[in-house]
Amino acid sequence: MKIIATDRKGAERTVEGRDGWTVMEILRDAGLPVAAECGGACACATCHVYVNDGWYEKLSPPSDAEVDMLDMALAVEPNSRLSCQIVCADELDGIKVTIAPE
Amino acid sequence: MSTPFQTDVAIVGAGPIGLFAVFELGLLDLKAHLVDILDRPGGQCTELYPEKPIYDIPGLPIVTGQELTNKLLEQIKPFKAEYHFNEMAAALEKTPDGKWKLVTDAGTEIIAPVVVIAAGGGSFVPKRPPVPNIETFENKGDGVGVHYAVRKMETFRGKNILIAGGGDSALDWTINLAPIAKSLTLVHHRDGFRAAQHSVNQMRELERNGKVKFHVASVKQLHGENGALTGATLAGADKVEWRHDTDAFLPFFGLTIKLGPIAEFGLNLHENLIPVDTAKFESATPGIFAIGDINSYPGKLKLILSGFHEAALMAQAAFHICRPTEKLRFQYTTSSSSLQKKLGVTA
């Protein structure tokens, strides 16, 4: 599956996802500027992304813990998610995300 | 004791690795001072995941960040380290007699032959909202402009205050400042809060009494000439924007990690990490060591257990710098009566 990621400067990159990995891990390993300070524990809100072009609705809804943690994210929008909570899967092939401001 | 402090080792960072370094140094009779920008020990363990379980600490099948910190504090208690909390290591300079002087942003000076950087990813600092030019409204004096913390409540008396956020800090300060403010407005991106329920109830009560105005909104712009804040542009969930007059803006979105002044310590950082050798975990600058997440070397794994190992080897090397004429006696805590005496466990 592919992830189409837009960085904070507006540049778009396509990165290869891996089944079962989180989108945060893929973005981080691809060198995109995702801080992910807590390492994926849903405890810091520094892997905040916007999920675009209808993909937000295709994701399973955020857990209560993620909704709570998003309260600590900056510039939250209705399509905000924490990328450590999105797990790569074939049905997400082509998902579009934009890395939120820090 | 007062500044400047003289000690054997100055440790930057009181996270799990800085704390365990106290233990390894203590077994060798080396004294330590620790500096941390947070108000308590534990670093990321207590700031980011105090309640979350850690499963990969040898011998502890499950332990939370807070529990691990508590156990480390218990383990190092015999060595009576000195802690300097709420202080950021701001500068590092060589003294004329070849030692190091670590200076904090509070003016504390620690002079030691060895400095250990155990700073993780750097300093925890408040998250700054991505509002254009927000920094020009910071540090403009008591009760006005942008503040990321409330030091003295009284300075906000009679002010128009705008608070952003939905966590405990945002709600606590809304509740505490509302009675003394001229007006208090809280904005958050949703009509729900991660803060403790009793705080939310109190806030709702203040809202019903007209003491607090709450909007589902975000701050888009700040207004004012020469850093003198006069108002903000707010945008609701429907993107409709309006102007809101305010004297002060208090964003509360928790903390994030920034490398900070360590970048200026002259340690040849590579991608925000300090390269070290794997025999001593010393940087390219003699006497300056780096252990835990802040260092880099071939094969580095950012794990707490790796940091513990690094602390042990660092301590051996630090001994030779601090006690150049003494012979290091390698001993085990199980069998050494002198180590047991230091630990306070002899009969």
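## Helix α1 of chain B

The buried residues of helix α1(B) are Pro16(B), Ile17(B), Gly18(B), Leu19(B), Phe20(B), Ala21(B), Val22(B), Phe23(B), Glu24(B), Leu25(B), Gly26(B) and Leu27(B). A residue counts as buried if 20 or more other C-beta atoms lie within 10 Å of its own, as exposed if 12 or fewer do, and as partly exposed in between, with C-beta atoms placed from the backbone. Because 12 of the 12 residues of α1(B) are buried, this helix is largely enclosed by the rest of the structure. Helices (H or I, at least four residues) and strands (E, at least two) are DSSP runs, numbered from the N terminus.

The model is a predicted one, in which local features need pLDDT of at least 70 and side-chain atom pairs count only at pLDDT 80 or more, whereas totals for chains, interfaces and linings use all residues. Residues are numbered from 1 along each chain as its sequence is written, while chains are lettered from A and ligands numbered from 1 in the order in which they are written.

Helix α1 of chain B covers residues 16–27 and reaches 17 Å from its first C-alpha to its last. This is close to the 16 Å expected at 1.5 Å a residue, the expected span being 1.5 Å times one less than the number of residues. After α1(B) comes Asp29(B), with a positive phi near 65°.

## The nonpolar core

The largest nonpolar core has 127 residues, of which Ala21(B), Val116(B), Ile117(B) and Ala318(B) touch the most other members. Such a core is a set of buried Ala, Val, Leu, Ile, Met, Phe, Trp, Tyr and Cys residues joined through C-beta atoms within 7 Å. Helix α6 (residues 304–322) of chain B gives the most to this core, with nine residues. At least three residues of the core come from each of domain 1 and domain 2 of chain B.

Apart from neighbours within four places in sequence, Ala21(B) is in contact with Ile11(B), Val116(B), Ala118(B), Ile291(B), Ala311(B), Met314(B) and Ala315(B). Contact here requires C-beta atoms, placed from the backbone, within 7 Å.

## Chain B as a whole

Chain B has seven helices and 22 strands, and 43% of its 347 residues count as buried. Its C-alpha atoms fill a box of roughly 70 × 45 × 40 Å along the principal axes. The domain assignment gives domain 1 (5–124 + 256–343) and domain 2 (130–253), with bounds from an automatic or database domain assignment. The centres of these two domains, taken over C-alpha atoms, are 38 Å apart.

Glu264(B) lies in the loop between β19 (255–258) and β20 (274–275) of chain B. Glu264(B) is exposed, with 12 other C-beta atoms within 10 Å.

Chain A contains three helices and five strands, in the order β-β-α-β-α-α-β-β along the sequence. Its radius of gyration, taken over C-alpha atoms, is 12 Å, close to the 13 Å that the globule rule (2.2 Å times the number of residues to the power 0.38) gives for 102 residues, so chain A is as compact as a globular protein of that length. Buried residues make up 40% of chain A.

The contact between the chains takes 13 residues from chain A and 17 residues from chain B. On the chain A side there are nine nonpolar, one polar and three charged residues. Ala, Val, Leu, Ile, Met, Phe, Trp, Tyr, Cys and Pro count as nonpolar, Asp, Glu, Lys and Arg as charged, and the others, Gly among them, as polar.

Note on methods
Contact = placed C-beta atoms within 7 Å.
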